[in-house]
Amino acid sequence: NIEQLYLSNNSFSVLGLRSLGSLMQRETRLKSLWLDNNAINDEGLECLVEGMTQHCSLTDLDLSNNHSITAEGLRTLSAFFQSDICCLKVLWLRGINFGDDGAVALANGL
C-alpha cells in the first residue's frame, strides 16, 4: 500500500538492489522511489531495472549522486524506457558524471 519510498543516503549492495527489484514486481502502488546518494553502480542498477521490467508502477525515480553509474548502467535503464511496462514520468540523475556516452544512451531510450 506504500506509494512513496525514501531510501536516500544508504549504501545498497547489489543484493539490496536485487531485493528492491523484487519488491517492484510485487508492489503495485509504489509510485515514487528515492535512491539518491546510495553508491549504486551499474550492476546494482541492472538488478533494480530487472525487477522493474516485470511490473512497474513507478512514475518518479531519483538516482541522483550515485557516482558509480556509467553509460553502461544508463543503457540498461534506456532499454527499460522503451518497454511497454515503463510508466516513468520523472527521472532525477543529478550529480552523475556519465558523459557523452551516457547522454547518448539516455537519448536512445527516450
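Which residues does L58 touch, not counting residues up to four places away in sequence? The list runs M24, L30, K31, S32, L33, M52, C87 and L88, where contact means heavy atoms within 4.5 Å. Before going further, a word on the ground rules. This is a predicted model, so local features need pLDDT of at least 70 and side-chain atom pairs count only at pLDDT 80 or more, while totals for chains, interfaces and linings use all residues. Residues are numbered from 1 along each chain as its sequence is written, and side-chain values use heavy atoms, with hydrogens and water left out.

Back to L58, which sits in the loop between α2 and β3. Helices (H or I, at least four residues) and strands (E, at least two) are DSSP runs, numbered from the N terminus. With a relative accessibility of 0%, L58 counts as buried; buried means under 20% relative accessible area, exposed means over 50%, and partly exposed is in between (1.4 Å probe, protein chains only). L58 and L91 are 33 residues apart along the chain, and their C-alpha atoms are separated by 10 Å.

Next comes the sheet. It is an open sheet of four strands in the order β1-β2-β3-β4, and the pairing is parallel. Two strands pair if DSSP finds at least two bridges between them. At the edges are β1 (4-6) and β4 (90-92), each of which pairs on one side only. Ignoring direction, neighbouring strands of this sheet are turned by 0° against each other on average. For β1 and β2 (residues 32-34), the parallel pairing runs over three bridges. Look for Y6 and you'll find its bridge partner in β2, namely W34.

Now for helix α2 (residues 42-52). Eight of its 11 residues are buried, so α2 is largely enclosed by the rest of the structure. The buried ones are D42, G44, L45, C47, L48, V49, G51 and M52. And what covers them? The cover includes α1 (14-26), β2, β3 (60-62) and α3.

Two packed helices are described by the angle between their axes and the distance between the axes. Here, axes are lines fitted to C-alpha atoms, for helices over the stretch in contact, and angles run from 0 to 180 degrees between N-to-C directions. Helices α2 and α3 pack at an angle of about 10°, with their axes 8 Å apart. That makes α2 roughly parallel to α3; angles under 35 degrees count as roughly parallel, over 145 as roughly antiparallel, 65 to 115 as roughly perpendicular and the rest as oblique. On the α2 side, D42, L45, E46, V49 and M52 take part, and they meet E72, G73, L74, T76, L77 and F80 in α3. Sorted by class, this contact of α2 with α3 has six nonpolar, two polar and three charged residues. In that sorting, Ala, Val, Leu, Ile, Met, Phe, Trp, Tyr, Cys and Pro count as nonpolar, Asp, Glu, Lys and Arg as charged, and the others, Gly among them, as polar.

Helix α3 (residues 71-81) also packs with α4 (residues 99-109), at an angle of about 5° and with the axes 8 Å apart. That makes α3 roughly parallel to α4. From α3, the contact is made by A71, L74, R75, S78 and F81, and from α4 by D101, G102, A105, L106, N108 and G109. The classes here are five nonpolar, four polar and two charged residues.

A few loop residues round out the picture. N37, in the loop between β2 and α2, has a positive phi of about 60° although it is not a glycine. N65, in the loop between β3 and α3, also has a positive phi, near 60°. Most residues other than glycine have a negative phi. N37 counts as partly exposed at 30% relative accessibility, and N65 counts as partly exposed at 26%. S68 lies in the loop between β3 and α3 and is partly exposed, at 41%. Not counting residues up to four places away in sequence, S68 touches I40, N41 and D42.

Finally, the cysteines. The structure holds zero disulfides, a disulfide being a pair of cysteine sulfur atoms within 2.5 Å. For C86, the nearest cysteine sulfur is that of C87, 6.5 Å away. C47 is buried, with a relative accessible area of 8%.
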